[in-house]
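Colleague: I would like to go through the labels on this structure. Please set each value against its cut-off.

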Amino acid sequence: MKKVRFAFIIVVLVLLFIPLLFFNAKEKIDISENRTLSAKPLLIKDGRFNGKFFADFDSYFKDRFGGRDVLIKVVNAVNSVDRRRTEMALEGNDGWLYFLGDNNVEDFFKTNLLSDKEIKNIKNEINEITNWCEQNGIQCLFVICPNKHSIYPEHYPYPRPVGKTRADQMCQIFSDLEAPFVFSRDYLISQKEKNPYPLYYETDTHWNPLGAYYSFEQIFEKIQNFFPNVDFPKIEYKANFSYSKASGDLLSMLGIKRVKSSQIAMVPVNAVDSDYYDLRQISDEPGAALIATGKNKSLPTAMVFRDSFCIFLTQFLSPLFSRTEYYWRWFTEEDKALVLQNKPDLIIFESVERYAEAAFSGFSTKK
């Protein structure tokens, strides 16, 4: 009996120490959840005790404790007794899966509209950064990538209410400020009606390269307006279509191992991407910082602050510039020094729809 108790104590102690032994202190990006992990909190901030230290540390630990990914999978597997929904994902109609995290449900049902105060604050932030770019001779473009359910609400198991969305409010802010922006929702909807291939992955929260390409068409129009005298390369792409049975970031969230989903690659006609640019990583963090060096040195330069939706835009944006730097994070006040050091001709601020309000409201330290 003593041996059993001793063994039980040892097992409990091991389980208690696993979160510390495998603590993830290095990563900054959670690729599977498409978000920035909580940063290590400071006990002393701006020369004073940080009153939010314990709350910030709680978020920091929850994002990084050892075994977190395994625990999420176990919880979702248990919840998948009703496989149509877990806390993170939803099984829709016709084999389509939808991400539920990060206020996606509220966004679908349009219950997360911005208040007048929030609109005012965001407008001030965007106005400040556009003025700063103008003062430094830099063009800027805001890009909102539509949520999957904004383009394919018909596969969602519940009807979507009519009326404006939070993204519509963001677009109105850009319009009021005459700030250049692209929100390709309506254009993608028009393209999906006449396209034999889907524009988003059925089993993933992201668009596929074809959806990214159609959004790029609108982005390219804005870039041409910025630089009317530049002879940009005109590249024709073709779509190569196939199927996969084990891809998509939503499968594990629902405890699904294999399901058929479409795969699309966009390929330059009579060329390869490396004919136009070379892409290399400039950071030890996967995907966090990339440089695309164009073959045409007379083209403008650009910096892109982005999230995972820009992964497929990279292929189309990179040939337009002699140098493009991609940073997998939202732009903040601290990045101004980096921008002035590189002095790009254009900055692109990109965010998926569900994060746009947060991504475009942190430009200034003045709150």
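Colleague: Which helix does A358 lie in?

Modeller: This is a predicted model. A358 lies in helix α12, residues 356-359.

Colleague: What makes A358 partly exposed?

Modeller: Its relative accessibility is 32%. Buried needs under 20% and exposed over 50%. A358 falls in between, so it counts as partly exposed. In space, the C-alpha of A358 is 9.0 Å from that of I122, although 236 residues separate the two in sequence.

Colleague: How many disulfides are there?

Modeller: The count is 0.

Colleague: Are C140 and C310 buried or exposed?

Modeller: C140 has 6% relative accessibility, so it counts as buried. C310 has a relative accessible area of 1%, so it is buried.

Colleague: What makes the pair D107 and R160 a salt bridge?

Modeller: The closest N and O atoms are 3.3 Å apart. The limit is 4 Å, so the pair qualifies. The partners sit in distant parts of the chain, 53 residues apart: D107 in helix α4, R160 in the loop between α6 and α7. D107 is buried at 2%. R160 is partly exposed at 21%.

Colleague: How do you know that E154 and K192 form a salt bridge?

Modeller: Their N to O distance is 2.8 Å, and the limit is 4 Å. E154 is in the loop between α6 and α7, K192 in helix α8, so the bridge ties together parts 38 residues apart in sequence. K192 is buried at 13%, while E154 is partly exposed at 43%.

Colleague: Why does the pair K295 and D278 tie together separate parts of the sequence?

Modeller: K295 lies in the loop between β12 and β13, and D278 in strand β11, so the linked parts are 17 residues apart in sequence. The N to O distance in this salt bridge is 4.0 Å. K295 is partly exposed at 44%, and D278 is partly exposed at 41%.

Colleague: How many salt bridges does the count give?

Modeller: It comes to 9. D168, R185 and D186 are linked in a network of them.

Colleague: What keeps E202 from counting as part of a salt bridge?

Modeller: The nearest side chain of opposite charge, K148, is 6.9 Å away. E202 sits in the loop between α8 and α9. Its side chain does make a polar contact of 2.8 Å with that of S262.

Colleague: Which residues have the most contacts inside the largest nonpolar core?

Modeller: Y200, I223, L313 and L346, in a core of 50 residues. Helix α9 gives the most to this core, with 9 residues.

Terms used: Residues are numbered from 1 along each chain as its sequence is written. This is a predicted model: local features need pLDDT of at least 70, side-chain atom pairs count only at pLDDT 80 or more; totals for chains, interfaces and linings use all residues. Side-chain values use heavy atoms; hydrogens and water are left out. A disulfide is a pair of cysteine sulfur atoms within 2.5 Å. Buried means under 20% relative accessible area, exposed over 50%, partly exposed in between (1.4 Å probe, protein chains only). Helices (H or I, at least four residues) and strands (E, at least two) are DSSP runs, numbered from the N terminus. Lys and Arg count as positive and Asp and Glu as negative; His and the chain ends are not counted. A polar contact is a pair of N or O atoms within 3.5 Å; within protein, one must be able to donate a hydrogen and the other to accept it, and residues adjacent in sequence count only if both atoms are side-chain atoms. A nonpolar core is a set of buried Ala, Val, Leu, Ile, Met, Phe, Trp, Tyr and Cys residues joined through side-chain atoms within 4.5 Å.
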